[in-house]
Amino acid sequence: MLMLTTLLFILPFLVLYTILGIYAERKISAFIQDRLGPMEVGYYGLAQTVADLLKLIQKEDIIPTVADKPLFKVAPIVIFVAVFTGFSVLPLSSTWMGAGIATGVFFLLAIIALDVIGIIMAGWSSNNKFSMLGTMRSAAQIISYEVPLGLSILCVCMVCESLDLQKISYQQGIYSPETQYFLSIEALGIDVTAIGGFLSWNIFRMPLLFFAWVIFFIASLAECNRAPFDLPEAESELVAGFHTEYSGFRFAIIMLGEYAMMLLVSILGVILFFGSWNSLLPNIGAIRLATWTSGEPGTTASTLWGIFWLMSKSLFFVATQIWIRWTYPRLRVDQLMNVSWKYLTPFALGLIILCGFWKLIF
Amino acid sequence: MRLVWVLSLTAMDPRQQYLSDFGEILLFMIAGVLFVVVALLTSRLIRPDRPNAEKLATYESGEEPISVAWTQFNIRFYIIALIFLLFEVEIIFLFPWSTIFANQELIEQTNGAWGWFAFVEMVIFILVLALGLAYAWVNGHLDWIKPEPKPTEYKSPVPREVYNQLNERYRK
């Protein structure tokens, strides 16, 4: 069977998602602030982002005379490509997966971390005081939250005994190769392998992973530089942070990178904690909802169901990120560091020890 | 032909399969770079190019920028980076361990000793690093500068009660 690369799906989906994601962001913010949001271009302003893109592509390219030109030009490419490469290892369904490397989780963490280099390049090369402040904040923030992010992902790897994203996905559904017990306690003797649905997702399979997910979600917000962790680009104090000097299509690329990052961490969260491409609905006796909504692995139906479940769950978390952005005020810089080093990191270390105990006792 | 080889990941040899998996990652990188470069080139073809000195000046909210922005910055950033490095190296060591410490086969071969031995060893490792975090914490390396808001010195001629009354009236 000819297996095509997932690139054919990811790239068009990413562009479409960004166009609609920016529209959704503006509409949701408008709804939260009791406004209408974009209404003029197209039906209910649907074509607003396309119009914005058309405008941006025609804008004059402005690079400040004092800037470091080569770095300035390369930075948006680094930011986008670092995030985009992360998509290469994601499994989209039970058979259609990206690069099947055995250390997918590890690779993903490494490639997400490269994003910060692009941000430092962009801010440093701009030779602008706002950019410089934004960059230093951004770097400190991203590396601080990298630690709890890595530790919370480690909890999942301990429970699943694997670094392979596809293996982790298989464990969370009706096609699990091993028998899955309710809350992963074998002594209870409740076999949930055949039931599937949300009961076999990692957060239900292993209740401690719910707390790991809370840490993961907070840290992933900080990794994306999203509010309430948007200090690097705090509009009211730093103009636009590290991309103050960027305009035209270079700015659009940075924006695309930011939205791609939101989607990437959402997909990663879904794969690790919320059942990956597995169905939400469980099998209840003769009503085999999980089987009906998954399809036999290898068939077209299973590929379509897999993409549907993975993407709908991920887009739900993207929507949650947008909702949080327009609900919470920005943190102060000392609070930001406190949350990461004094709360999330010690809690994550404790969770690892608890997960180890749970795994060995039951 | 080469494109078909890259696109169809159906190599028979497992080693070749593994290589082509990394080939796919490379494909994503190339596609990402191409996507951005093509978009920027398209932009270059249709955008105007009329630079002048004011346009190319550094943006500083309308002020004339004084000196460059490449100056020294707070030493705290380096300390945070050092602590980060410490923990990141720890995480690198923890990941391979996480896949093997509760391995059912190894536990059965050693009558359950393997799991607890591997676990206790790693707990000691984690505690040593937690000690490092505690050290940095106690010495105040994790404390960022906390802004202290100062109340304004301005004495308003309008008494405080008038404001409170107004607030009460509109609180509904």
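**Helix packing and chain contacts in a predicted model**

In chain B of this predicted model, H3(B) and H5(B) pack with their axes 11 Å apart and at an angle of about 170°, where axes are lines fitted to C-alpha atoms, for helices over the stretch in contact, and angles run from 0 to 180 degrees between N-to-C directions. The two helices H3(B) and H5(B) are therefore roughly antiparallel to each other, the term being applied to angles over 145 degrees. On the side of H3(B), B:Ile83, B:Leu86, B:Phe87, B:Glu90 and B:Trp97 meet B:Ala118, B:Met122, B:Leu129, B:Gly132 and B:Ala136 of H5(B). The residues of this contact divide into 8 nonpolar, 1 polar and 1 charged; here Ala, Val, Leu, Ile, Met, Phe, Trp, Tyr, Cys and Pro count as nonpolar, Asp, Glu, Lys and Arg as charged, and the others, Gly among them, as polar.

Residues are numbered from 1 along each chain as its sequence is written, while chains are lettered from A and ligands numbered from 1 in the order in which they are written. Because the model is predicted, local features need pLDDT of at least 70 and side-chain atom pairs count only at pLDDT 80 or more, whereas totals for chains, interfaces and linings use all residues.

The secondary structure of chain B comes to 6 helices and 0 strands, helices (H or I, at least four residues) and strands (E, at least two) being DSSP runs numbered from the N terminus. Of the 172 residues of chain B, 15% count as buried, that is, they have 20 or more other C-beta atoms within 10 Å of their own, with C-beta atoms placed from the backbone.

Between the chains, 62 residues of chain B are in contact with 65 residues of chain A, contact meaning that the C-beta atoms of two residues, placed from the backbone, lie within 7 Å. Helix H2 (14-46), helix H3 (76-100) and helix H5 (113-138) of chain B each supply at least two residues of the side that touches chain A, and H2(B) gives the most, with 17 residues. This side of chain B is made up of 43 nonpolar, 10 polar and 9 charged residues.

Most residues other than glycine have a negative phi. In chain A, however, A:Asn127 has a positive phi, near 55°, and is found in the loop between helix H4 (104-126) and helix H5 (129-160). A:Asn127 is buried, with 20 other C-beta atoms within 10 Å. A:Asn225 likewise has a positive phi, of about 60°, and lies in the loop between helix H8 (208-223) and helix H9 (235-238) of chain A; with 23 C-beta neighbours inside 10 Å, A:Asn225 counts as buried.

Technical notes: Buried ≥ 20, exposed ≤ 12 C-beta atoms within 10 Å, placed from the backbone. Parallel < 35°, antiparallel > 145°, perpendicular 65-115°, else oblique.
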